[in-house]
Amino acid sequence: MLLGEQDQFLSYNGEVLVFQLSKSKHAEEAGDKTMNLCVRRMAFNRDTKVFVQKSSGSFSMGVSHSKIEMICCSCTTDSRTGIILPCILMKKKKRNSIKYFLLLLHGSNQFEPSFYFKLDYELKEDIRLFAGPSLLWIHANKLFYISSNTCVVQSAPVHLSCVVWTGEIMGEGTVVLGIRTACLPETEDPDGFSVSDRAIWGSEFFGYAIQSQKFLSGTCFMPHAYSRVVSSVYVCRSERLRKQLQISLVAITHKNQLVWFQNGAPKGVCELPYEKPCSVTPALTSSRDLLFAVSFASGNSCVVQRRDSLQVASKWQKVKCLLVDDFIGSGSEQLLLLFKDDSNTDVLSTFKITDLGEVNYASGISYKHDVPAAEGLQENGLLTVRALETRLQAGWTSVRELQQHLGLQKRVILESCRALTDLVEERTHILPNSKEVKCRRCLVSLWDDVENPPDSLSKETSPAPEVPERFTEELWQRVVGDSLVVGVKLTESFYLSLSDVSLSLVMDQDFSSISPIIKCQSKIIKLNKAFSALAVSPSQIEPPPKKMKLDLHSKNDLKKEFPKRSSRIQLDGAKTVTAVTSLSPLLAFHRVCCVVLLHARKQNHQNDGLQQSKKIAVLCGKILLSLEDISNGRYSIKMLRDNSYCAGSMEDILAVLAVSVRFFFQIVSCDCTLTPVRSWLLGEMECTPFKECQDNLFCHKAGDVHGTIFNWALKNPFEGVLTIFCRNLTVLFQCLHSLTRVLPPSCSVKLLRSGSKAVLTEQLSLALEKEMFTLKNSPFLKETKAGNSLTWGNESGKKINNAPLASLLDTEEGVQQFRKKLQKEREESVQSMNQTLNGALYQKTALKIAEAQLSSDMIVWRLA
């Protein structure tokens, strides 16, 4: 609103308030020296398409030897009630003093004096009304303000040249955004960009919070380079994200531009059609378009639309006032333009209401001859557009809910990893309380902290010492190409099922943006002199021990029953679990510390032959990985030749096996012996045997095949099995191509699906035994009492005497006894046929039977 105008206009709850200063006719005739401040509430009538007066009010003021003027008006919050009310700043000027007072307008059109103050100078620049009501202004490059709470003029400890915006900032209260001369420190920070920027431009933006009396950095609003050209600002959105102030605003400049800023950086600019822009006001229309209405000192106006980019959507000339509100009651905002019209004395005679969309009303247009059908079509189109907007909004809501759900899943995984790490390291995991959850939106306890105090929790977890203290002997790591191999050597007393053993790598650092769990692949290697069982896959499940009802504590009986089985376990020797993961993602952190966890399933044997198992997690230790160690070759494998042998450590061998894929080939020759295979391995492929296991050869040939491991086992001079451990299929094809050139043409090479037939036959027998044991212990095949023997109907439940049937039927008592026996047998038979089974038990039993049958079927398929 420009100063010095006769009438003042203000939009309030969809109405237009017209303030006028005038003397009444009765006062002029009586010579009374009073002035009336009149207000008229004007509302738009959608039927007649004109503004009509709803109500009016006035406020009388004495003007003896004084002059009264309206300075400005605005809608501000009354701190007593929190209600937004129209507020008018008045000036009463006498010869020696100037008095200013604020008036509040209530819904009953009653004016209430809020406060007044006297100054020895006039308010001329940067006068702002804000919540309280409060007032601030600039005089002699100093900031002054007064509020209804204190009614005392106060001075802020800041020097500034102008105020570009005043409003509320989240977490800071009322903030004044202004421009001042740059205040440079004595020593400039070499990393401080804002210091250099202020030194160049000589001025800077700053924010000053009135309630807390603290300064805010201007760089979160816009760069200091704009401090010389910006004339007005409107802050559209303010929030705090991770203690950082996020600001979105638009600014108009002396260069006739409108600039959009996001978090202190310019995101868009638009050239304005007129010169000397004064103010900018946002409007949110029914189509959810954000419009910026710009007023100019020349009396012109324009609207800038923000979609993909900022662009001028419309412009008007000879505009007396531009207001933004919901004037037609549609639930969205429109623009009201009041045009200058010297021929008509009515202030609202020439106007235009528009939202640059469906809404478009203007004065001087006759709506009486409009076709009703056209109005109906326009109304239907408007309803259709709104329905589509509602569906679009619902879609965005679903997307946000999905994002929140994914974020919750990530937080649950992170908190679970922390809890698991604390558990295996025997640390007390502290769950976040309700206050932390509200602030961090983190995971909460799923049980009641009051009913289950830490003491009871420790009692529940006390059975942990039942697990053996040591399952592992050694932890090591190796780097093979682009893979990191972590190995854990298990103890000889490790009796858990190898099918349920795996390793996990968890980063010890607290990375909030990524998951601490490292994706890896686990392998189990049982290494003996013949490499008979390498890289046990998850599908090759070890069956439970035979004779489940055997007392495992009786070692002598165990040796009598299974002498071969025990010796085989001793032959297999040490077992090693390895985890293979990609190395390059870890090197991005330069230095990573990982916790190595061993997961296994412990099986407890019961007297009835069933097994109870529970999962356990054991801390194996920590590994430290740094880029410097990798560059120095600290964890590289070293396979060197030493007197016709490969001098590689056991860890190096296991690391190569962990990153390799195993293939079996059966080679059969009908015409000649297979001696060229051994010569090919030692000659062309440049292989040398390992000292620890001489049947296995390491390839030293340069190229892709380097590092391949071979195992050549002859059944007879004309048949053998060649096992190849290679990194990928390309290396495999190269080896086979080289092999076929030295073999006789009559030789046949056949790929075996999974090892030799002897091993698969043994696995099949164990799988069939497991399947039979599962079926036998299922509740479907359990015999009932009626099927085993017949019982008397007395309390003792003794069996019927085995007397001859003829002697039993000779007497009347015998016949009655036989009838009771027959009736009892029928009832028990019916009960056995109508037995019910719990659904959960049925599902669990059926799943066990299906798994056992699937295991045996897979082995049969491999044998086929």
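Modeller: Happy to! Keep in mind throughout that this is a predicted model. Let us begin with S856, a residue of helix α17, which spans residues 839-863. Is S856 buried or exposed? Its relative accessibility is 3%, and buried means under 20%, so S856 counts as buried. Which residues does S856 touch, once its neighbours within four places in sequence are set aside? They are L764, A767, L768 and E771. Q763 also belongs in this picture: 93 residues separate Q763 from S856 in sequence, yet their C-alpha atoms are 8.4 Å apart in space. Finally, a polar atom of the S856 side chain lies 2.9 Å from the backbone oxygen of Q853.

Now let us turn to a strand. β15 covers residues 203-209, and seven of its seven residues are buried. What does β15 pair with? Strand β14 (residues 173-181) joins β15 in the antiparallel sense over seven bridges, and strand β16 (residues 214-217) pairs with β15, also antiparallel, over four bridges. G207 is a handy landmark: L177 stands opposite G207, and G207 stands opposite L216 in β16. Four residues lie between the strands in the hairpin of β15 and β16, where Q213 takes a positive phi near 55 degrees.

Y208 and F215 form a tilted pair, with 5.3 Å between centres and 55 degrees between planes. Y208 is buried at a relative accessible area of 1%, whereas F215, at 40%, counts as partly exposed. How many aromatic pairs does the structure hold? There are 16. Another of them joins F44 and F351: the ring centres are 6.0 Å apart and the planes stand at 80 degrees, so this pair is edge-to-face. Because F44 lies in strand β3 (residues 34-45) and F351 in strand β27 (residues 351-354), the pair ties together parts that are 307 residues apart in sequence. F44 is buried, with a relative accessible area of 9%, and F351 is buried too, at 3%. Elsewhere, Y100, F115, F117, W137 and F144 form one aromatic cluster.

Next, look for an open sheet of four strands, in the order β21-β22-β23-β24, with antiparallel pairing. Why do β21 (277-284) and β24 (310-316) stand at the edges? Each has a single partner strand, so one side of each is left without a neighbour in the sheet. Neighbouring strands here are turned by 25 degrees against each other on average, direction ignored. Between β21 and β22 (residues 290-296) there are seven bridges, and T281 has A293 in β22 as its bridge partner.

Let us finish with the nonpolar cores. The largest has 28 residues, and L484, L503, V596, L598 and L625 have the most contacts inside it. Among the strands supplying at least two residues each are β30 (483-490), β36 (591-605) and β37 (611-626). Beyond four places in sequence, V596 touches residues including L475, V486, L503 and I623. Apart from this core lies another, of 24 residues, among them F665, W680, C735 and L736.

Conventions:
Residues are numbered from 1 along each chain as its sequence is written. This is a predicted model: local features need pLDDT of at least 70, side-chain atom pairs count only at pLDDT 80 or more; totals for chains, interfaces and linings use all residues. Side-chain values use heavy atoms; hydrogens and water are left out. Buried means under 20% relative accessible area, exposed over 50%, partly exposed in between (1.4 Å probe, protein chains only). Contact means heavy atoms within 4.5 Å. A polar contact is a pair of N or O atoms within 3.5 Å; within protein, one must be able to donate a hydrogen and the other to accept it, and residues adjacent in sequence count only if both atoms are side-chain atoms. Two strands pair if DSSP finds at least two bridges between them. Axes are lines fitted to C-alpha atoms, for helices over the stretch in contact, and angles run from 0 to 180 degrees between N-to-C directions. A nonpolar core is a set of buried Ala, Val, Leu, Ile, Met, Phe, Trp, Tyr and Cys residues joined through side-chain atoms within 4.5 Å. Rings of Phe, Tyr and Trp (its six-membered ring) pair if their centres lie within 6.5 Å; planes under 30 degrees apart count as stacked, over 60 as edge-to-face and the rest as tilted.
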